[in-house]
Amino acid sequence: FFQKTLTAIKNWFTLFGWSKGQNPISVPYSLRRDVCKVQMTSSQETGFKQNLGKDTKTVYDMVFHLSGQLLPGVTSSKALPLDPVERILQLHWQHSTLLAFLKSQGAYLPHVMPEFLLEPDDYKKWIKVQTALKVDEKNSDMLSGKHLFILEDSIFETMSKRAWTDVLLQIYKVFVLTRVSSRNITDQLSLESVQKMPRIKSEPLSSNIYSPYERTILAWLNKHYEKNRKTVWKDCQKGGVPPMRWIVNFDRDLLDGLVLAAQLAAYCPYLIATHFVRMYTNPKSHEQFLHNCLILVNAMHAVSLAIDIKV
């Protein structure tokens, strides 16, 4: 389950997380690595700047693109300090600022510590620095109330991957999912046949699984499926018109491809004759489910909706 989630996140952020087109990412490796565009390099005791290139995209560029806001005090064009200790402290501060910013926007990340977002070698240096500070009585107040998590290499790698996965999920939640508008909900539900169905409430406390934005999307799926099922499959070659259904989740109710096909048909009705009439409207076997999803993905490709969804 986690691997599928990670793959979906990686694909979405690769395609839509950046300005000026796609930018392949790996979780957590490229996100941990690309934290600044300029690197200070030491050569014979003289430091000089090595520009990593304007094409280097950092997690801060991604947050700016999706939110339109700059992180306070953080700029990816500024080089990290050359001194190892100062560099680690600066990186940790940047990650702390990122987490604080996301939390201020409504992200839920109490389990993610800034040090989990560091690279493994930097994490070891961070532990070493903090252990030294803890021993130093003069600086003991810096760690007051904070617990130091000392993790083994393999456990840290697992924790870091999970932390970055959750950070990306929360970035999606607070900057992308919140764009879903409920303005047209009343219009969507005015259809007589939809009115006969139980209403999906968008109030915050009406579900402990889905947010109001996700429930707005479910209402939109219900509206288009009910409105279009008789039109899309009236001349179906593999069954009659599919029965009415109540779409209440994003996994089981979408498995047979019919609901998503109805959404596509609402905006691209010319796909009905070329693709959707060949779908099984009452699929029973795995082969029939696969057949429907093949047609759906081919239809998406036909309208250049290339979002890398596998059948």
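View 1. Val311 counts as partly exposed at 44% relative accessibility, where partly exposed lies between buried (under 20% relative accessible area) and exposed (over 50%), using a 1.4 Å probe and protein chains only. This is a predicted model, so local features need pLDDT of at least 70 and side-chain atom pairs count only at pLDDT 80 or more, while totals for chains, interfaces and linings use all residues. Residues are numbered from 1 along each chain as its sequence is written, and side-chain values use heavy atoms, with hydrogens and water left out. Val311 sits in the segment after helix 12 (286–302); helices are DSSP runs of H or I with at least four residues, numbered from the N terminus.

**View 2. The largest nonpolar core.** Here you meet a set of 31 residues, in which Phe13, Met62, Leu102, Val167, Leu168, Ile171 and Phe175 touch the most other members. Such a core joins buried Ala, Val, Leu, Ile, Met, Phe, Trp, Tyr and Cys residues through side-chain atoms within 4.5 Å. At least two residues of this core come from each of helix 1 (2–16), helix 3 (59–67), helix 4 (84–104) and helix 6 (153–175). Helix 6 gives the most, with 7 residues.

View 3. Cys236 is buried, with a relative accessible area of 14%, and Cys293 is buried, with a relative accessible area of 14%. The structure holds 0 disulfides, a disulfide being a pair of cysteine sulfur atoms within 2.5 Å.
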